[in-house]
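Here are my notes for you to read alongside the picture. Have the sequence open too, and look up each residue as you go.

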Amino acid sequence: MERTGGGQHTPGIVGDEVRLNTLSVPGRDHKARVIRGPIGLNLTLEIGESLADDEIFLGKVLKGFVVTLLVMIPSGGVVGWFMARRALSGVQRLTHTAGRIAAGALEQRVIVGPRGDEIDQLAQTFNTMLDRIEALIIGMREMTDNLAHDLRSPLGRIRASAETLMHGSDAHTEVGTLALETTGECDRLLEIINTTLDIAEAESGAARLNLTAVDLAALIVDAADLFQPVAESKHVCIDVDLPPDCIINGDLQRLQRVVANLLDNALKYTAPDGRVGIHLTDRGERIELVVEDSGIGMSAEELSRIFERFYRCDRSRTQAGNGLGLSLALAFVRAHGGEIKVESTPETGSRFTVLLGRAG
Ligand code: ADP
């Protein structure tokens, strides 16, 4: 500790006032803390203490603080990034699975990690919820299928009775007209029931495909010929573009129904003077079948639902149909190990792409 001694009329003393100052001392590295005060007539006492120890101590603290800060910021960043990644990977897993489920893969489940943290608990709850939803949907489908199965026989008998009545009466009488209408309605209901059962059979894997070598190009030419009168009546042109040698191992009748449903929809939902195209492309192991149209198209929300049983977009309700054609097409294509993709723009048109493996 250093001390400095007194003097007279020192600046900083006003009257009898005692003052405490921090001063820079010429020729010294460190400042000094000085107290001055009058001790008698014209006498002032000035005592000072160097702040060297304090300043050295504060310098060390500051240095330590800066070093700690320099180490903490990057390592804190790394640890933070790692922890955020760990937490987000679980969220990403959930988002990814939820996306696939939204696209229709209801059998998907989130992988539950071993940590048992909040994300794992959320994944577990999510899976439990999916189990319940899947059980409910399977239950509903089974009920529809059983109902369809049980209704088929009585409906067949009602139809047979109506047909007998129709043949035994004059078509112009009231009885004849009613019998004709009843037969028509029975046919419509039986078609719905049979299609529902065909879908159920294909989806459950119970459908036995009658596999043969199917020439897809020939199948499409036949389908285009079959629909030509409908197309002509609407002034819609059907463009067909087929490469040679598009043979796949498949079930002819089921593939015919897939193409017929897609072509029927393309013509149904395209206004007069529009255009419908069918193209086949050889993609090596797979064959790509595209049915596109310049029709009314669909919104993204409608697109996400068109493969559901009985779903019909609002704008299509003026057209004949039961909302089962695409469900049937998808079930048959999947039974062949294939897939169907759709792109559509409202008021512009739709494009259905069927991918089928050559091996069937
Ligand atoms: P539907 O018997 O009603 O045609 P589908 O299962 O074949 O039943 O199709 C389901 C719904 O998808 C249709 O009602 C229609 O709203 C929509 N849709 C299918 N194909 C097309 C298309 N090519 N253009 C516009 N909408 C379509």
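1. What radius of gyration does the protein have, and what would a compact globule of 360 residues have? The protein has 43 Å, while a compact globule of that length would come out near 21 Å. (The radius is taken over C-alpha atoms, and the globule rule is 2.2 Å times the number of residues to the power 0.38.) Along its principal axes, the C-alpha trace spans about 145 × 45 × 40 Å.

2. A word on where this comes from. The model is predicted, with local features needing pLDDT of at least 70 and side-chain atom pairs counting only at pLDDT 80 or more, while totals for chains, interfaces and linings use all residues. Residues are numbered from 1 along each chain as its sequence is written, and side-chain values use heavy atoms, leaving out hydrogens and water.

3. Now the parts list. The protein has seven helices and 10 strands; these are DSSP runs numbered from the N terminus, with helices being H or I of at least four residues and strands E of at least two. Of its 360 residues, 33% count as buried. (Buried means under 20% relative accessible area, exposed over 50%, and partly exposed in between, using a 1.4 Å probe and protein chains only.) The accessible surface comes to about 22,300 Å², and 59% of that belongs to carbon and sulfur atoms; areas come from the Shrake-Rupley method with a 1.4 Å probe, and for residues only the protein chains shown count as cover.

4. Find α1, residues 52–102. This helix has 51 residues and reaches 72 Å from its first C-alpha to its last, close to the 75 Å expected at 1.5 Å a residue. (The expected span is 1.5 Å times one less than the number of residues.) Its buried residues are Ala-52, Gly-90, Leu-94, Thr-97 and Ile-101, and they pack against β2 (31–40), β3 (43–50) and α2 (118–168). An α-helix has 3.6 residues a turn, so residues three or four places apart point the same way.

5. Stay on α1 for Val-91, which sits in this helix. Val-91 counts as partly exposed because its relative accessible area is 35%. Its C-alpha is separated by 6.9 Å from that of Ile-119, 28 residues apart along the chain.

6. Next comes α2, which also has 51 residues and reaches 74 Å from first C-alpha to last, close to the expected 75 Å. Where does α2 bend? At Arg-152, by about 30°, with a proline, Pro-154, following within four residues. (The bend is the angle between axes fitted to the seven residues ending at a residue and the seven starting there.) Buried residues of α2 include Ile-119, Ala-123, Phe-126 and Leu-155, and the buried residues of this helix pack against α1 and α3.

7. On to the inside. The largest nonpolar core has 46 residues, and those with the most contacts inside it are Leu-216, Leu-280, Leu-289 and Ile-306. Among the elements that each supply at least two of its residues are α3 (174–204), α4 (216–233), β7 (275–283) and β10 (349–357). Apart from it lies another core, of seven residues, among them Leu-106, Val-110, Ala-123 and Leu-130. (A nonpolar core is a set of buried Ala, Val, Leu, Ile, Met, Phe, Trp, Tyr and Cys residues joined through side-chain atoms within 4.5 Å.)

8. Zoom in on Leu-216. Leaving aside residues up to four places away in sequence, Leu-216 touches Cys-246, Ile-248, Leu-255, Leu-280, Ile-287 and Leu-356; contact means heavy atoms within 4.5 Å. Leu-216 is one of the buried residues of α4, as are Ile-220 and Phe-227. At Phe-227 the helix α4 bends by about 45°, and Pro-229 follows within four residues.

9. Two loop residues to check. His-235 has a positive phi of about 55° although it is not a glycine, and it is found in the loop between α4 and β5 (237–241). His-235 counts as exposed because its relative accessibility is 58%. Asp-273, in the loop between α5 and β7, has a positive phi of about 70° and is not a glycine either. At 63% relative accessibility, Asp-273 also counts as exposed.
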